[in-house]
Amino acid sequence: MFINTAGGITGGDHLRWGADVAPGGKLVITTQACERSYRSTGDTAHVEVDITVGNNAHLDWLPQETILFEASKLDRRLTIHLDECATLTAIEAVLLGRDAMGEEARDAQFSDTWRIYRGDRLIHAEATRLTGNGSERDGLSLLRGCRGFASVLHVAASPDKAEQLLSRVRALHPPGGLIAASANGERLVIRAMARTGLALRKLLVPTLIELTGACSLPRLWHL
């Protein structure tokens, strides 16, 4: 369990996390609470995560949600190196402001970059960016006014296994909801949105249980 002893991130902070999973090992990484990105007076905060997963090992990267405060600026980068027979379940979820305070953090700035490698091959790359523009928040093809969103990636041992998991995940969520899944080769990718943090977590918890190496979640994730 990673612990940010500062209680949150603010402009100019630079955090680096790292881990190595030994061959044949299983590792679950989570956080003690939702991470908070506080208001910045100018500088951007940076968070870098770099993890290596050995042969026949599995990693569950399960940090709790990141809450973006008004006027926050956060740049986050996730890099994971998988050995040829390693598997992975990873999530990053974001909440725009605090539900209880009625916040929307409409001017928050956020950048999130993922790079996942299988050996020397780049097998998954994605980037999310919020610039504080209202069109990003309200557009029907973007957040549709939702205040919470998440990306989930599962890298399976084979394309057949990814397809099997895709069927199980889709069975959890009726069509037309604010969560969708697709499989491409060994990768299963899930996107979810919700109006509130609680609604988002209700979408994510059963989905993650299907994908984790232990078929369960850390206690801190329980509703």
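How many disulfides does a search of the whole structure find? The count is zero, where a disulfide is a pair of cysteine sulfur atoms within 2.5 Å. Select C34 to check: it is in no disulfide, and the nearest cysteine sulfur, that of C146, is 17 Å away. Now pick C215, which is in no disulfide either; its nearest cysteine sulfur belongs to C85, 20 Å away. C215 counts as exposed because its relative accessibility is 54% (buried is under 20% relative accessible area, exposed over 50%, partly exposed in between, with a 1.4 Å probe and protein chains only).

Before going on, some ground rules. This is a predicted model, so local features need pLDDT of at least 70 and side-chain atom pairs count only at pLDDT 80 or more, while totals for chains, interfaces and linings use all residues. Residues are numbered from 1 along each chain as its sequence is written, and side-chain values use heavy atoms, with hydrogens and water left out.

Next, colour by pLDDT (the predictor's confidence in each residue, from 0 to 100). The chain has a mean of 93, with 100% of its residues at 70 or more. Confidence is lowest in helix α1 (residues 134–138), at a mean of 77, and highest in strand β7 (residues 73–82), at 98. Helices (H or I, at least four residues) and strands (E, at least two) are DSSP runs, numbered from the N terminus.

**Stop: the largest pocket**

Select L142, L143, F149, R191 and M193, which lie nearest the centre of the largest pocket, out of 20 lining residues. Its volume is about 430 Å³. (On a 1 Å grid over the protein atoms alone, a pocket is an open set of points with protein on both sides within 12 Å along at least five of seven lines, a cavity is a set where a 1.4 Å probe fits but cannot get out, and lining residues have an atom within 4 Å of a point. Points are joined across faces, edges and corners, and a volume is the space filled by probe spheres set on them.)

Which strand gives the most to this lining? That's β10, with five residues. Show β10 (121–130), β11 (148–155), β12 (179–184) and β13 (187–194) together: each supplies at least two lining residues.

Now zoom in on L142, in the loop between α1 and β11. L142 counts as partly exposed because its relative accessibility is 45%. Leaving out residues up to four places away in sequence, L142 touches S135, E136 and M193 (contact means heavy atoms within 4.5 Å).

**Stop: the second largest pocket**

Select W17, T31, E35, P63 and T66, nearest the centre of the second largest pocket, which is lined by 22 residues. β1 (14–21), β3 (35–37), β4 (45–53) and β7 each give two or more residues to that lining. The space inside comes to about 280 Å³.

**Last stop: the cavity**

Select E92, V94, F110, D112, W114, T128, F149, A150 and S151 to see its lining. Strands β8 (87–96), β9 (109–118) and β11 each give two or more of these residues.
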